[in-house]
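Visitor: I have a structure open and want to learn how to read it. Where do we begin?
Guide: With the rings, then the helices, then the strands.

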Amino acid sequence: MLNLKLKNGALALLGAFLCGLNADAVVVTYEFENGTGLDNAGINATMTTNGVTITTVEIVGWDGSLASTGVVHRTNIISAGNLGVNSKTTPPNAGNDARDFDPGEAWVFFFDADVYLSEIDLASLDINSVMTISSPAFSTMVLNDDGGSADVYSLSNTFVSAGTLITFANTSAESTEVESHDFRISSLTVDAVTNAVILTETASGTPYAWLDLYFQGLETTEDYLLAESSDTDGDKLTAGEEYLAGTVPTNATSVLIVDSVGTSDTNQVVSWQSVTGKCYSIVVSTNLSDLSKDWKTVKNNIQGLETQTSVTAAVTGATSAFVKVGVEKREIYLLIGQSNMAGRGPMEAGDMGEIEGCELFNFSEEWEPATNPLNQYSTIRKDLEMQQLNPGYGFALRMHEVRPDINIGLVVNARGGTNINDWEKGDHYYEEAVSRALAAVEDGGRLAGILWHQGESNSSQTNTYMGTLTTMITDLRTELGDPDLPFVAGQLEQDDVTPEVKERPINDYIILLPTLLPNTAVATTEGLTTQDGTHFDSASQRELGRRYADALMSIE
């Protein structure tokens with residue numbers, strides 16, 4: 001009988017994708033230095049700081065005249081970094097500082113991004129001076145000098161959308177005293193929002209809404225990260241891990257834990273607390289001296305039952321072992337293209353059976369243990385008898401070798417003989433690829449990349465192929481909701497290429513893909529062989545798949 005020791009824990013699910021874009025505001029402070037865009041400048045002048053631009057729309061003179069009518073009013077930067085207005089004619093009682101904001105003068109401008117007005121620092125603000133800030137976006141603000149020494153005023157984080165006009169005006173009563181009731185702007189601080197979509201989950205994929213159910217008062221990104229990493233119920237799982245496990249982070253009895261291991265003939269029955277909607281794996285290590293290695297998956301793709309799940313698993317070749325049950329992490333890859341991606345390499349004895357750590361999306365839009373041929377469930381394939389070994393097999397083997405804790409989900413939807421124009425947005429093959437990928441993600445997992453092999457039907461169209469390909473990649477990324485989705489293209493065969501004859505000139509263009517679009521890579525085919533001058537043989541298909549995996553991991 002095996003002496004099985006129990007080990008609790010969840011397999012970490014890392015790298016979940018963002019549902020939203022980062023909308024944390026960027027603090028932008030405009031320091032009005034000599035020589036910058038608003039120094040001695042009229043309407044349409046600009047000043048950019050941290051990527052956010054101010055544009056002057058109007059300058060109002062002390063007498064109410066407008067620069068937009070041709071009157072030469074200017075904004076000016078004076079006295080070591082202070083912004084003022086210089087009317088065409090000198091205001092009454094301006095003295096030597098005609099370039100201040102004198103009574104009646106105003107500056108009208110807008111930002112090219114959504115901003116929250118934070119604070120303004122006014123220099124030389126005289127007692128009884130009044131600055132009025134107005135805009136269609138908010139109620140008018142009036143800043144009065146109270147005679148104190150501080151000239152920094154809060155603008156109450158007032159929101160103003162991009163392109164909305166804002167007016168800074170000196171609305172003080174005219175004074176008979178020289179250089180009285182005027183001021184300058186030393187600096188203006190705003191919080192600029194470069195994206196209007198807010199974060200909806202942490203970088204590890206824990207939804208903010210889920211954290212809000214169990215933790216009160218979460219407001220900032222830091223608040224959510226601290227909540228995610230906390231273990232408030234003391235069950236040795238963080239809140240983020242409990243989200244992955246489907247357990248409650250504030251209830252110590254709600255936890256992913258192995259309850260028992262029993263013997264059934266030569267097999268072991270492993271039971272653990274589980275929930276529906278989660279997929280589990282059982283891994284075993286017989287190396288009792290070093291639990292950091294030698295873990296082997298003995299059962300995966302186990303659908304959880306409510307309260308408890310029990311599974312019979314074979315553990316052979318040892319008298320004792322550690323057992324670990326974890327929630328599976330599924331990374332989904334879309335494999336599309338023509339015949340080499342569909343697979344034409346003859347399957348050999350070693351290619352049969354379930355592929356460890358890999359699942360295949362089937363016609364019922366469910367996951368099942370992956371077996372060759374991987375293109376068997378393509379909704380656009382030719383006859384099933386034509387589907388043989390494709391690069392997905394070597395890809396899955398290599399990914400499992402490097403990342404044994406990750407379950408690879410393959411959505412293979414290729415068809416031989418297709419032209420790249422058949423894969424453009426709106427065409428049937430393209431739309432089927434998008435539909436299948438979205439359905440697979442909905443069934444559970446993270447879309448982690450696209451593998452593409454096509455071009456035999458376009459091998460001489462070097463002038464147009466790459467433009468069509470990059471457009472297709474951009475369209476796929478948009479429709480699949482990830483503008484940075486990794487994309488790996490494979491070169492065509494090269495075994496009949498000589499220095500004198502370029503049978504596949506398009507290969508010289510495919511290799512340039514990473515220079516045209518970010519987060520792309522190429523699986524090269526140098527040294528690989530074909531069975532008929534077009535289709536890779538079995539050994540080369542396995543090796544090409546490994547090259548796809550290495551290329552993908554080079555992006556990440």
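Visitor: Which residues form one aromatic cluster?
Guide: Y30, W107, F109, F111 and F168 do. Keep in mind that this is a predicted model.

Visitor: How many aromatic pairs does a search of the whole structure find?
Guide: It finds 16. One of them is W107 with F109, a stacked pair. Their centres are 4.1 Å apart, with 25° between the planes. Both W107 and F109 are buried.

Visitor: What describes a pair of aromatic rings?
Guide: Two values do: the distance of the centres and the angle of the planes. Planes under 30 degrees apart count as stacked. Now take Y208 and Y224. Their ring centres are 3.8 Å apart and their planes are at 10°, so this pair is stacked.

Visitor: Which parts does that pair tie together?
Guide: Y208 belongs to helix α1 (residues 208-214), and Y224 to helix α2 (residues 221-229). The pair therefore ties together parts that are 16 residues apart in sequence. Y208 is buried, and Y224 is buried as well.

Visitor: On to helices. What span should helix α10 have?
Guide: Count 1.5 Å a residue. Helix α10 covers residues 538-555, 18 residues, so it should span 26 Å. Its end C-alpha atoms are 26 Å apart, which agrees.

Visitor: And what of α5?
Guide: The 12 residues of α5 should span 16 Å. The end C-alpha atoms of α5 are 17 Å apart, which agrees.

Visitor: Why do some residues in an α-helix point the same way?
Guide: An α-helix has 3.6 residues a turn, so residues three or four places apart point the same way. With that in mind, look at the buried positions of α10. They include S538, Q541, L544, G545, Y548, A549, L552 and I555.

Visitor: What do the buried residues of α10 pack against?
Guide: Both helices and strands. The helices are α4 (339-342) and α5 (391-402). The strands are β20 (329-337), β24 (446-453), β25 (487-490) and β26 (520-523).

Visitor: How many residues of α5 are buried?
Guide: Nine of its 12, so α5 counts as mostly covered. Among them are Y393, F395, R398, M399 and H400. The buried residues of α5 pack against α10, α4, β20, β21 (358-361), β23 (406-412) and β24.

Visitor: What is found at the start of α5?
Guide: A side-chain oxygen of N390 comes within 3.0 Å of the backbone nitrogen of G392.

Visitor: Now strands. Which strands pair with β9?
Guide: Follow the bridges. Strand β9 pairs with β10 (residues 138-144) in the antiparallel sense, over five bridges. A hairpin of two residues joins β9 to β10. Strand β9 also pairs with β12 (residues 166-170), antiparallel, over four bridges.

Visitor: Where can I see that at one residue?
Guide: At T132. Its bridge partner in β10 is V142. In β12, T132 stands opposite A169.

Visitor: Is β9 mostly covered or exposed?
Guide: Mostly covered. Five of the six residues of β9 (residues 130-135) are buried.

Visitor: Last, a loop. Where is N34?
Guide: In the loop between β2 (26-31) and β3 (46-49). For a loop residue, compare sequence with space. N34 and N82 are 48 residues apart in sequence, yet their C-alpha atoms are 8.5 Å apart. Leaving aside neighbours within four places in sequence, N34 is in contact with D39, I77 and I78.

Notes
Residues numbered from 1 in each chain as written. Predicted model: local features only at pLDDT ≥ 70, side-chain atom pairs only at ≥ 80, totals over all residues. Heavy atoms only, no water. Expected span 1.5 Å × (residues − 1). Buried < 20%, exposed > 50% of the residue type's maximum accessible area, 1.4 Å probe, protein only. Contact = heavy atoms within 4.5 Å. Pairing = 2+ DSSP bridges. Phe/Tyr/Trp six-rings, centres within 6.5 Å; stacked < 30°, edge-to-face > 60°. Polar contact = N/O pair within 3.5 Å; in protein donor to acceptor, adjacent residues only side chain to side chain.
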